[in-house]
Amino acid sequence: MRISGAQIIVECLKEQGVDTVFGYPGGTILPFYDALRDAPIRHILTAHEQGAAHAADGYARASGRAGVCIATSGPGATNLVTGLAAAFMDSVPVVAITGQVPTALIGRDAFQEVDITGITMPVTKHNFLVKDAAKLAETIRYAFRIAGSGRPGPVLVDVPRDIQTAAILFEPAAEPADMVPFAVAGAAVARIEAAAVAIARAKRPAIIAGGGAVAAEAAPEIAALAAKIACPVVSTLMGLGAFPASHPLFLGLTGMHGHKAANNCIHDADLIIAVGSRFSDRVTGDRAKYAAGKTVIHIDVDPAEIDKNVAAHIGITGDMKTILAMLVDRLAAGDNPSWWQTIAAWQEENRLPPAADKLTAPWLCGEIAVRTGGGGYIFATDVGQHQMWAAQHLKIETPRTWVTSGGLGAMGYGLPAAVGAQLAVPDKRVIHIAGDSGFKMTGAELHTVAAHRLPIISVILDNGGLGMIRQLQHAFFDRRYTACELPGVDFVAFAAAFGIRAVSVDTRDGFAAAFAAALASPDPQVIVAAIDPADLVSPMVPPGAAINAYLDI
Amino acid sequence: MKHALSILVYNQPGVLVRVAGMFSRRGFNIHSLTVGITQDPRYSRITVVVCGDNGILDQIVKQLDKLVEVEAIQLLPPETSVRRGIAMVKIAAGGDKRSEVLKLAEVFRANIVDVAEQSVTIEITGDDDKINAFIELINPYGLLEMVRTGMAGLARGASTIYDYERRDCYEQIVL
């Protein structure tokens, strides 16, 4: 059967079970859009290509299925770059399909021509420029396989316009593309045995859940491991949800703005079991001090993570679910009363005295946690102070209900990612928490929210500026605040321009009432919560310092 | 510490950029790099000499292994491999210096590939040490310009890069 290249892309998307794509049209991708018109695939037109990339990323994080974004050549393609980099840093399966100028024009600086495979090479797991129409179908299928297998990541396929219009022989895939499961081989088994011995000897063990644990769907196995040996669990920013926040063994977030109990626990531990964490600098601070005096067991799907940042005494690579299950089988049940006594003292310290009745972000996040306690919600954040407050004070109980740009820290991520998550998982409601400045970057995606009546609740923590920048200048630049104040935006009127109901609050009661009303309504909602620009995220560990070297701010 | 690595890659546009890009992006230092075809037109083979300790080498191998177009990687340690590069050196060896230069070339089993009134161009093949030694000795005679290829290498004995098996797990320091 001969069909057009554009139709082949559509057929391949259907083969992969793609139900939704996020995109923005342009000249060189129009043949594909024409083919998409009659396809059983929902196209979500975003306000900007960056929004399409973040939305595909949010879709993938919330659902576990590859997200797909579409853009035209030139500026369309370059606008995807931040989104692809965010997905790359956090290992999210995204497939980007871009139009390219016709093959005969490539290299001639044609209108809207850029070398997008060259540009995205360092921020994609792999990318392709399709120059041979006969290879189009296999390339699209391969792109999905690369994106979803092993350590997931974004893949870009650049398709010149003439390839989209060429009549090509198409053979449907024999069967749905199957993922090759990771076998746990002999050497890994030996190392699992060694890990079990080391864990049995440890007096002060701790588990670090990273984003890889979420990607590997390893939450039940982490829970089993923690329960079996009564081991405290901490989570990186990316790992939130891999272990239930309300579980008594959970100590909270670890890292630069981690809970003190969690950071102290890692610092004092004599053995750490890192599951799907790449030991980012924001997690470890000073890497030498981080690992000093501990046995490090590092479990990851990607062999290159072992010994990359922190040298592992025992590195085990492969499918984390299987590895953890095998490890649990080899461990005797135990408890650890003296270790828990130490930890309990830190947890006591953690309990901050309730501040006065001023509206603060920690209180607000706590209120959201209480109101959404029954589950059924996904939390998406932007990047900055509010992100840290959300990570500290929300209760992320289950995997894939926490959508945040961790590695890249891309401001503007939150709203489009919330759009993607909401479309991927319609039976959960997305609560989007943003700062005012990040919201300004991609706030035009409220148009997408409104166009599809997505029931997203956007909570904008408005401190009239760049709170995290202000905090860094407060801590490290002698309070010489510069380029961090952006007051005077009427977000209520902004939302109203898209037909979205918004309210502004500046008290606890006001927020509680507004949030309750938002939950009661099935419509998109925006709540603008005014907070004090002087509020700081605490605890704080300076970059590069030991993770228990809290800054007194 | 220098290490030579042989990398079998799919012969596709952009593959060299992808491999070289990984090195520069992660701050790994390339001392030399050569690339050429193999007996199988589907593959090219890159020989790269890198500087770094065992930990860096371990990361280089693992990061290379992740590249979709990399099919196999083989270490070429000096004891168990042959490594050769070529240098061409143009010497301002006219008149009475010429015989000394030619004698030196003979000692190193280098070839004279061009002779002109005012210059001699010498081609020398060998491992890094041999080429470096030759250049050091010939330099005082008036080295006008030179060009070097990177090292190319093969393992000694019957073992080949095709014996490589993608490892699914690694020792603490694998190499």
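Is B:E69 buried or exposed in this structure? B:E69 is buried, with a relative accessible area of 6%, where buried denotes under 20% relative accessible area, exposed over 50%, and partly exposed in between (1.4 Å probe, protein chains only). The structure is a predicted model, in which local features need pLDDT of at least 70 and side-chain atom pairs count only at pLDDT 80 or more, while totals for chains, interfaces and linings use all residues; side-chain values use heavy atoms, with hydrogens and water left out. Residues are numbered from 1 along each chain as its sequence is written, and chains are lettered from A and ligands numbered from 1 in the order in which they are written.

B:E69 takes part in a salt bridge with B:R18, whose closest N and O atoms are 2.9 Å apart. A salt bridge is defined here as a side-chain nitrogen of Lys or Arg within 4 Å of a carboxyl oxygen of Asp or Glu. This pair links distant parts of the chain, 51 residues apart: B:R18 lies in helix α1 (residues 15-25) of chain B, and B:E69 lies in the loop between α2 (54-66) and β4 of chain B. Helices (H or I, at least four residues) and strands (E, at least two) are DSSP runs, numbered from the N terminus. B:R18 also counts as buried, because its relative accessibility is 10%.

Over all chains, the count comes to 23 salt bridges. In chain A, A:R282 is bridged to A:D281, with the closest N and O atoms 3.1 Å apart; A:R282 has 43% relative accessibility and therefore counts as partly exposed. A:K289 and A:D286 form a salt bridge with a separation of 4.0 Å between the closest N and O atoms, and A:D286 is partly exposed at 21% relative accessibility. A network of salt bridges links A:R151, A:D302, A:E305, A:K308 and B:K66.

Strand β1 (residues 2-10) of chain B is largely enclosed by the rest of the structure, because seven of its nine residues are buried. Strands are taken to pair if DSSP finds at least two bridges between them. Nine bridges join β1(B) to the antiparallel strand β3 (residues 43-51) of chain B, with B:Y10 opposite B:Y43. Five bridges join β1(B) to strand β4 (residues 70-75) of chain B, also antiparallel, and B:I7 has B:I73 as its bridge partner there.

For A:C231, the nearest cysteine sulfur, that of A:C265, is 7.3 Å away. A:C231 is buried at 0% relative accessibility.

Terms used:
Disulfide = S-S within 2.5 Å.
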